[in-house]
Amino acid sequence: MIEYLPLILFGAIFLLILLGYPVAFTLGGLSILVGLIVFDMDFFYLLSLRIYGTMQNFVLLAVPLFIFMGMMLEKSGIAERLLYTMSMLFGQIRGGLAIAVVVVGAMLAASTGIVGATVVTMGLISLPTMLKNGYGPRISTGVIASSGTLGQIIPPSVVLVLLGSVLNVSVGDLFLAAVVPGICLVIIYLLYIIIYGQIFPERVPKVSKEQLKEFRSDGFTLEVLKSFLFPFILILIVLGSIFAGIASPTEAAGVGAFGALILAVVNKKFSLKILKGVMRETTMITSMVFMILVGATAFSLVFRGLEGDKFLLQLIENANLDATSFLILVMIIVFISGFFIDFIEIVFIFVPVVAPIFITLGVDLIWIGILLAVNLQTSFLTPPFGFALFYLKGVAPSEVKTSHIYQGIIPFVIIQLIFLTFLILFPSIIG
C-alpha cells in the first residue's frame, strides 16, 4: 500500500482541485498532512530550506516585472491604440482586421506575456469592430482568443520563466528556443485566415472606405509611428538584451517594466490612479503564483520523499516505454488536464514529477520546455475551463453566444495540436 501512496496523494490533490478547492492550500496542506503521517516533523526542515531557496531564486523576480510591464501597457491604453492602428492599416486586405488582431496579439505577447490582458484588450476593441464590419462571430472570437494566447509561447513569457525554474534550465535559452516556434505559429494563423477568407469571403470582408478615410485624414503617419514604433522598440530592447547576453531575463524584465512606465508617460496616459491599479493587479497575480509555488514545493518534497519519482520510473521501465512513448503520454495527459485546471497548476504539479524521468531518459529539457509551453497554450482555449474563453465572453457583446466562442476556437486548437506534433517529429525547428 505504501508504494502506491505517491499516486494516491497525486490523485487526491487533482480531485480536490477539480472540486474547486484553492490550489495553493490543497497542494501544500494535503502534502504536509501526508508527510506528517508518514515522516516526522524533522523531515519538514527540508521544506523551509526549499522555500528559502525559492525566495533566493533571482530568475523568478522576472515574473512580477513582466506582469507589471503587461498591465501597464494594457491599463495605459497603449495596447488599445496599437490594435486600432494596425486594424486600419490592414483594413483593405480581405480578412485584414483578423490579420491585424494576430499581428497585434503577437506584438502584445512579445511585450507582455499576459494572456488575460491581451484577450480583454482585443475583445473590447476588435470584437465590436469586426462584428460591425460583417465578420462572423465564430471567426472573430476564434482569432481573438487564439491570438491572445500567443503570450504563452512568444518570449518574454511568464510560463517560460516558470518552466525554466521548475525544469532547472536557463530561461534565456528557453526564450531563444521559443522564438522560431512562436513566429511559425503566427504565420500558420495568418495563412489560415487568408485561406478562410478565400473560401468564405462574405465572413471576412474588408474595412469600409469611410472608416479608412477617417483614419487617414489627420496625422496618419505620426499616429502609426507613435502606436507601432515605441512598443516595437521596447520589445527589441527587452528581447535583444537577453539574446545578446547583455542582460539576464530578470534584468531585461526590469528594463521592460520601466520602459512601459516611460511609454505611458510619453503617451500622456500615466496617472497615479493607473499606477495604483497596475501595482494592485501585479501584486495579486504575483501572490497567487508564488503561493501556488510554495504549495508545489511542499508537494514535490513529499512526493520525492515517498519515492514517487522512482516508482513512476519503475512503472515506465516495466511498461517498456521509450523516451518518445513517454513524451507522447505526458503530452496527452497535459492536454487533457488543460481542459480542467490552470497552466500554473499544471506547471507546478506535473512538471516536477516528470522532469527527473526525462533527465533519466536523456531527453533535452529545453525541447521539453517548448513542447510543454505550446501544449499549455491550448489549455487557455479548451472548454469548459479555458481562461481565454472566459475573458472573451466577459467583454463580448450580448449577441455573441458562448457556443460561438467554443465553435470559433476549434480550428485554432486543431492548428496548435498539428503544430505540436510537428515540433515533436522535427525537433530541429526548436533548435
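**Exercise 1.** Determine how helix α4 (residues 62-75) packs against helix α13 (residues 249-266) in this predicted model.

*Solution.* 
Step 1. Two packed helices are described by the angle between their axes and the distance between the axes.
Step 2. For α4 and α13 the angle is about 20°, and the axes are 8 Å apart.
Step 3. Angles under 35 degrees count as roughly parallel; α4 and α13 are therefore roughly parallel to each other.
Step 4. The handedness of the crossing of α4 and α13 is left-handed.
Step 5. On the α4 side, the contact is made by A62, L65, F66, F68, M69, M72 and L73. Their partners in α13 are P249, T250, A253, G254, G256, A257, A260, L261, L263 and A264.
Step 6. Sorted by class, the residues of this contact comprise 14 nonpolar and 3 polar, with no charged residue.

**Exercise 2.** Describe the packing of helix α3 (residues 45-55) on helix α14 (residues 272-305).

*Solution.* 
Step 1. The axes of α3 and α14 come within 10 Å, and they cross at roughly 135°.
Step 2. The crossing of α3 with α14 is right-handed.
Step 3. L46, L47, R50, I51 and T54 of α3 meet L293, V294, T297, A298, S300, L301 and R304 of α14.
Step 4. By class, this contact contains 7 nonpolar, 3 polar and 2 charged residues.

**Exercise 3.** Is G123 buried or exposed, and which residues does G123 touch beyond four places in sequence?

*Solution.* 
Step 1. G123 is located in helix α7 (residues 115-132).
Step 2. Buried means under 20% relative accessible area; at 0% relative accessibility, G123 therefore counts as buried.
Step 3. Leaving aside residues up to four places away in sequence, G123 touches P128, I144, L392 and V395.
Step 4. V101 is 22 residues from G123 along the chain, and the C-alpha atoms of the two are separated by 9.8 Å.

**Exercise 4.** Is N375 buried or exposed? Is N168 buried or exposed?

*Solution.* 
Step 1. N375 belongs to helix α19 (residues 365-379). Its relative accessibility is 2%, so N375 counts as buried.
Step 2. Residues up to four places away in sequence aside, N375 touches M331, V334, F335 and L420.
Step 3. N168 lies in the loop between α9 (158-167) and α10 (171-199). At 70% relative accessibility, N168 counts as exposed.

**Exercise 5.** State what sets the backbone of N168 apart as a residue other than glycine.

*Solution.* 
Step 1. Most residues other than glycine have a negative phi.
Step 2. Phi of N168 is near 60°, a positive value in a residue other than glycine.

Technical notes
Residues are numbered from 1 along each chain as its sequence is written. This is a predicted model: local features need pLDDT of at least 70, side-chain atom pairs count only at pLDDT 80 or more; totals for chains, interfaces and linings use all residues. Side-chain values use heavy atoms; hydrogens and water are left out. Axes are lines fitted to C-alpha atoms, for helices over the stretch in contact, and angles run from 0 to 180 degrees between N-to-C directions. Helices (H or I, at least four residues) and strands (E, at least two) are DSSP runs, numbered from the N terminus. Angles under 35 degrees count as roughly parallel, over 145 as roughly antiparallel, 65 to 115 as roughly perpendicular and the rest as oblique. A crossing is left-handed if the near helix is turned anticlockwise from the far one by less than a right angle, and right-handed if clockwise. Contact means heavy atoms within 4.5 Å. Ala, Val, Leu, Ile, Met, Phe, Trp, Tyr, Cys and Pro count as nonpolar, Asp, Glu, Lys and Arg as charged, and the others, Gly among them, as polar. Buried means under 20% relative accessible area, exposed over 50%, partly exposed in between (1.4 Å probe, protein chains only).
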